[in-house]
Amino acid sequence: MISRFLSFLSLLVFGAAIGYSWAVIGDKQQSLYLLAGALLAGLLWVLLDSWRGYRVRSWLRQGDLATAPQMDGWWGVLSDRARKLLRERERSIAMGEQRLKDFLSAIQASPNGVVMLDANAQIEWSNLTAAMHLGIHPERDVMQRVGNLLRDPVFTAYMAVEQPMEPVVMAGHRHRVSSPVRISVQRHRYGEGKQLLLTRDVTMLEQAEAMRRDFVANVSHEIRTPLTVMSGFIETLQTLDLEAQDQNRYLNLMATQAVRMQGLVEDLLTLSRLEGSPVPNFVNSIPLASLLAACESEARGLSDTLAKGESPHVIAFDIHPTLAQAELLGEQRELQSALSNLLTNAVRYTPVGGRIDVRVEQAADASLSIAVSDTGAGIAAEHLPRLTERFYRVDRSRSRESGGTGLGLAIVKHVMQRHGGSLSITSELEQGSCFKLVFPAKRWRITD
Ligand code: ADP
């Protein structure tokens, strides 16, 4: 401020000096010229100063940092200050915007849906996940009342509750009877009357829960049946004075039920082991020939038992000579259980005297397949997709009679998945069935 005053003063003095000199040279009235010179200089100063002030003011109106006027003096200091302040403000606005963008993209990336509602339950913002879950449009439906867009009575009733504690589960936007989609919605209040809706796809969770319930019910049922039979026999043995021959018959029947329960428990343990253990490594090599030999003797033993003196099944092996030395890479116990399940099934579901063929082949994509085909009753097409479900049986009583647990093919499928392979089933009623294990190229090799 002092420098401004000094500059004004020096210009006045300079003007007065010029006026005075002019009066001396022209022999005019000196005091008048001195005053006029000072006045003119003062006026010039005011004009110049106003012009500079005008430049600063019009720049401040625009607020464009790039066109800030460059000048010195008081107005220069003022515009510099203003420029710095503007720059800081722009930086903090940019930072705020960036933070908001990061925050919104984090919410966008969330697997859960988020909808922000204002005090009138109108949509302020929603992420794409919520839009997909609820069938709303993240831009078009902004400022729409959520109750007008979502008409599900479950949702309407939920929104009517003042402080809901639990989330509500309702049908999702893409829900179809053939492919259900279940969405959980939870409401939270925040700010001044605003609300936050959090949505989550719980379809898989509900399905897993339903599967768990079914599984427990199935296991209980499977165990209860032999237990009921056994306790019936025990009661008979305790209450009736039976002949030794009858006693033996009952004890044999009880033994059969005990074996059945044992088989069921073993299969359950196998399944839980398969689910809980890491994927088999590629270090253990199992000679295919020895695997087949072990399964063959088991199948022949079962066939002899079922034949009861009649001619047993014909079990034939067809292995391409180049594959005689093949080795599988994986878990011996699991692979043996998978193959033996297929062979024993073939024996159990093929009438005595029927034929069972085991064919080992290499496919064009270097995968190795082991196909077990039989001349049994075959399976109707509608059952094929469900055969690998736990406890699924085409003919319940037949499966039980032959000692089946309903878990065999579930185990086979699991084992194959763990080895990166697959199980394919083809069958025709009255024509027999073919169960094929396919191992990818990395899961087998030929030893020299
Ligand atoms: P189970 O212990 O009942 O045999 P699996 O899981 O091994 O259970 O098989 C499921 C169902 O698939 C069986 O109950 C049977 O109906 C059918 N099945 C399996 N293998 C054969 C086969 N080789 N021929 C005909 N049906 C079969």
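What volume does the largest cavity have? About 40 Å³, and I'll come back to that in a moment.

Hi everyone. A word on the source before we start: this is a predicted model, where local features need pLDDT of at least 70, side-chain atom pairs count only at pLDDT 80 or more, and totals for chains, interfaces and linings use all residues. Residues are numbered from 1 along each chain as its sequence is written, and side-chain values use heavy atoms, with hydrogens and water left out.

Now, the cavity. By cavity I mean a set of points, on a 1 Å grid over the protein atoms alone, where a 1.4 Å probe fits but cannot get out. Grid points are joined across faces, edges and corners, and the volume is the space filled by probe spheres set on the points. With a threshold of 30 Å³ or more, the count is one cavity. Its lining, meaning residues with an atom within 4 Å of a point, consists of E222, P226, R260, M261, L264, G404 and T405. Helix 7 (203-239) and helix 8 (244-276) are the elements that each give two or more residues to this lining, and helix 8 gives the most, with three. Helices here are DSSP runs of H or I with at least four residues, strands are E runs of at least two, and both are numbered from the N terminus.

On to the sheets. Strands pair if DSSP finds at least two bridges between them.

Four bridges connect strand 3 with strand 4 (residues 182-190), running antiparallel, and V169 stands opposite S184.

Last, the cysteines. C295 counts as buried, at 1% relative accessibility; buried means under 20% relative accessible area, with a 1.4 Å probe and protein chains only.

Key. On a 1 Å grid over the protein atoms alone, a cavity is a set of points where a 1.4 Å probe fits but cannot get out, and a pocket is an open set with protein on both sides within 12 Å along at least five of seven lines; lining residues have an atom within 4 Å of a point. Buried means under 20% relative accessible area, exposed over 50%, partly exposed in between (1.4 Å probe, protein chains only).
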